[in-house]
Amino acid sequence: MSSPDPQVRAARNHSAPGGSRGPVVAVTGAATGVGALLTERLAASDEIKQVVAIDERRGECDAAQWHILDVRDPAIADKLRGVDVVVHLALDLDLGSDAAARTAYNVRGTQTVLTASAAAGVRRVVLCTSSMVYGALPDNELPLSEDAELRATAEATGVGDLLEIERLARRAPRAHPGLNVTVVRPAVLVGGTDTALTRYFESPRLLVVAGSRPAWQFCHVEDLCSALEYAVLEKVDGELAVGCDGWLEQEEVEELSGIRRMELPSAVALGAAARLHRIGLTPSPAGDLAYTMYPWVVSGSRLHDAGWRAQWTNEEVLEELLEEVSGRHTVAGRRLGRKDATAAGAAGATVALLGAAAVVRRARKARRGR
């Protein structure tokens, strides 16, 4: 086995401020999003000895030791020599990504990081998926425990990738004895994120499927980072669900947001979503609608038992989300341009839906005319 990276070895030989004897932690996907926030947080912590940041471009945290490479590159094993804990956040969950390419990146990247970590002698890998893996189902308990069965299907954006990552997480300790794998599953993530669920609040009306019973639970990125830090410091392990305490009913969301609902029969809503996605007009498949129809609220009991507490409430996170999406206009997951947005804002959801229907008709005519 080769010796640790010289800079990581040097970090191990010098205590961080406050005399820390804590772990050396590597973060993948460290240049942007949650990865960048976590890298900054860990680098500022007296409980962390050194942060090794890995991404395809350099980020802004000067206190971290940077390595620029693709996480699918087996050479990553050399960069992990001397690292105690790896937090793998290099995932592509972009709504605009090609689905096959996204899956290839997410699954292959996770496989490579797990294998490389084991080869490098890393003792713990922390993976981040989503509470969406539990599935949104009408018979879900409120809230779900961490041990609840993962009943999601691959029909929603990126969920198939997350389920495969969960499978790799379960298999890794058997394939690599001595490697501990912790999985963190956040609720609806808010704070600089762009997902099918955050775009739900960009619509001129909140689509409600008749007969459904939505329950909304959010997770602010700051709370996610603090939960990830708990896992890094081995204060808690296993499968961890993280989110605000409790949940909001649909009526509460409508009252707090000031956005009125538009209720549609299930067959109409699901059918329209499927057609719009099939012809490429919207990024969200019909499976995404389930997460706005049925509950998938989690208890977060393992983190709570370890002393962790969310610093944000659902009401506060919803308020921040509404501020973030202010000025954006989305119909069926598809962002509208300024001209379309003006019409949607003035005429409301009815015109927006009629416009979507007209687009479908035009697309059909164009296809027949080829």
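Reader: Which residues does S117 touch, not counting residues up to four places away in sequence?

Author: Contact means heavy atoms within 4.5 Å. By that rule, S117 touches L80, V86, V122, V125 and L179, with residues up to four places away in sequence left out. This is a predicted model: local features need pLDDT of at least 70, side-chain atom pairs count only at pLDDT 80 or more, and totals for chains, interfaces and linings use all residues. Residues are numbered from 1 along each chain as its sequence is written, and side-chain values use heavy atoms, with hydrogens and water left out.

Reader: Buried or exposed: which is S117?

Author: Buried means under 20% relative accessible area, exposed over 50%, and partly exposed in between (1.4 Å probe, protein chains only). S117 has a relative accessible area of 0%, so it is buried.

Reader: What does the side chain of S117 reach?

Author: Look for a polar contact: a pair of N or O atoms within 3.5 Å. Within protein, one atom must be able to donate a hydrogen and the other to accept it; residues adjacent in sequence count only if both atoms are side-chain atoms. The side chain of S117 reaches the backbone oxygen of V113 at 2.7 Å.

Reader: Where is S117 placed?

Author: Helices (H or I, at least four residues) and strands (E, at least two) are DSSP runs, numbered from the N terminus. S117 belongs to helix α4, residues 99-120.

Reader: Which residues of α4 are buried?

Author: Start with the turn. An α-helix has 3.6 residues a turn, so residues three or four places apart point the same way. In α4, the buried residues are R102, Y105, N106, V107, G109, T110, T112, V113, L114, A116, S117 and A120. Their cover includes β1 (24-28), α3 (76-79), β4 (85-88), β5, α5 and β6 (180-186).

Reader: What is found at the start of α4, and what follows α4?

Author: At the start, a side-chain oxygen of D98 comes to within 3.2 Å of the backbone nitrogen of A100. G121 follows α4, and its phi is positive, near 85°.

Reader: How many cavities of 30 Å³ or more does the structure hold?

Author: A cavity is a set of points where a 1.4 Å probe fits but cannot get out; lining residues have an atom within 4 Å of a point. Points are joined across faces, edges and corners, and a volume is the space filled by probe spheres set on them. The structure holds 2 such cavities. The largest has about 40 Å³, and its lining is A187, V188, A215, W216, Q217, W296 and V297.

Reader: What is the volume of the largest pocket, and how does its lining divide?

Author: A pocket is an open set with protein on both sides within 12 Å along at least five of seven lines. The largest has a volume of about 1100 Å³. Its lining counts 43 residues, with L91, L93, L189, T193 and T195 nearest its centre. Helix α2 gives the largest share, 4 residues. For classes, Ala, Val, Leu, Ile, Met, Phe, Trp, Tyr, Cys and Pro count as nonpolar, Asp, Glu, Lys and Arg as charged, and the others, Gly among them, as polar. The pocket lining has 22 nonpolar, 13 polar and 8 charged residues.

Key
1 Å grid on protein atoms, 1.4 Å probe; cavity = no way out; pocket = protein on both sides within 12 Å on 5 of 7 lines; lining within 4 Å.
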